[in-house]
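I opened this entry to go through the fold piece by piece.

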Amino acid sequence: MRSLIRVRGLASGKIVGEYEVTDPGEFLMFFLMQQGLPIASSCAGDGVCKKCVVNGDRLSCQIRVGDWLRDFPDQDVEVGYL
Ligand code: FES
């Protein structure tokens, strides 16, 4: 299984980076924040504010990185404002 998550910025049209997954149980939003990416959030991951959305309609605070790699193996994480 792939162990890298690749992030694409839709505003820039560029690949922002590729990041190694070491803890598959970590939530995607916190994983992205730990890479230094400014993921928007005002509910701190409670699944309420919907600011952490990626790929159009997925809440990054509700998806574990291991599930992302399993369920969307060929997809970049797309962040609209990056
Ligand atoms: S951080 Fe608020 S819904 Fe994800």
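I take strands as DSSP runs of E of at least two residues, numbered from the N terminus. The model is a predicted one.

**Loop residues with positive phi**

I looked up N55 and placed it in the loop between β3 and β4 (58-59). Phi of N55 is near 50°, a positive value in a residue other than glycine. Is N55 buried, exposed or partly exposed? I take 20 or more other C-beta atoms within 10 Å as buried, and 12 or fewer as exposed. N55 has 17 other C-beta atoms within 10 Å, so it is partly exposed.

Next I went to A44. This residue sits in the loop between α1 (28-34) and β3 (53-54). A44 has 11 C-beta neighbours inside 10 Å, so I log it as exposed.

**The sheet**

I then traced the strand order. I found an open sheet of three strands, β2-β1-β5, with mixed pairing. Why does one side of β2 and of β5 lack a neighbour in the sheet? β2 (14-20) and β5 (77-79) are at the edges, and each has a single partner strand, so one side of each stays without a neighbour there. On average, neighbouring strands of this sheet are turned by 25° against each other, direction ignored.

I checked how β1 meets β5. β1 (residues 4-9) and β5 run parallel and are joined by three bridges.

**G25**

I moved on to G25, which lies in the loop between β2 and α1. With 8 C-beta neighbours inside 10 Å, G25 counts as exposed. I still found contacts: leaving out residues up to four places away in sequence, G25 touches R64 and G66. I also took the distance to S3. G25 and S3 are 13 Å apart, C-alpha to C-alpha, and 22 residues apart in sequence.

**The core**

Last, I looked for the largest nonpolar core. This core has 18 residues, and F27, L28, M29, L32 and V77 have the most contacts inside it. I listed the elements that give two or more residues to this core: β1, α1, α2 (65-71) and β5. Which element gives the most? α1 does, with four residues.

I followed up L28. Setting aside neighbours within four places in sequence, I found L28 in contact with S60, I63, R64, V65, W68 and V77.

How values were computed:
Residues are numbered from 1 along each chain as its sequence is written. This is a predicted model: local features need pLDDT of at least 70, side-chain atom pairs count only at pLDDT 80 or more; totals for chains, interfaces and linings use all residues. Two strands pair if DSSP finds at least two bridges between them. Axes are lines fitted to C-alpha atoms, for helices over the stretch in contact, and angles run from 0 to 180 degrees between N-to-C directions. Two residues are in contact if their C-beta atoms, placed from the backbone, lie within 7 Å. A nonpolar core is a set of buried Ala, Val, Leu, Ile, Met, Phe, Trp, Tyr and Cys residues joined through C-beta atoms within 7 Å.
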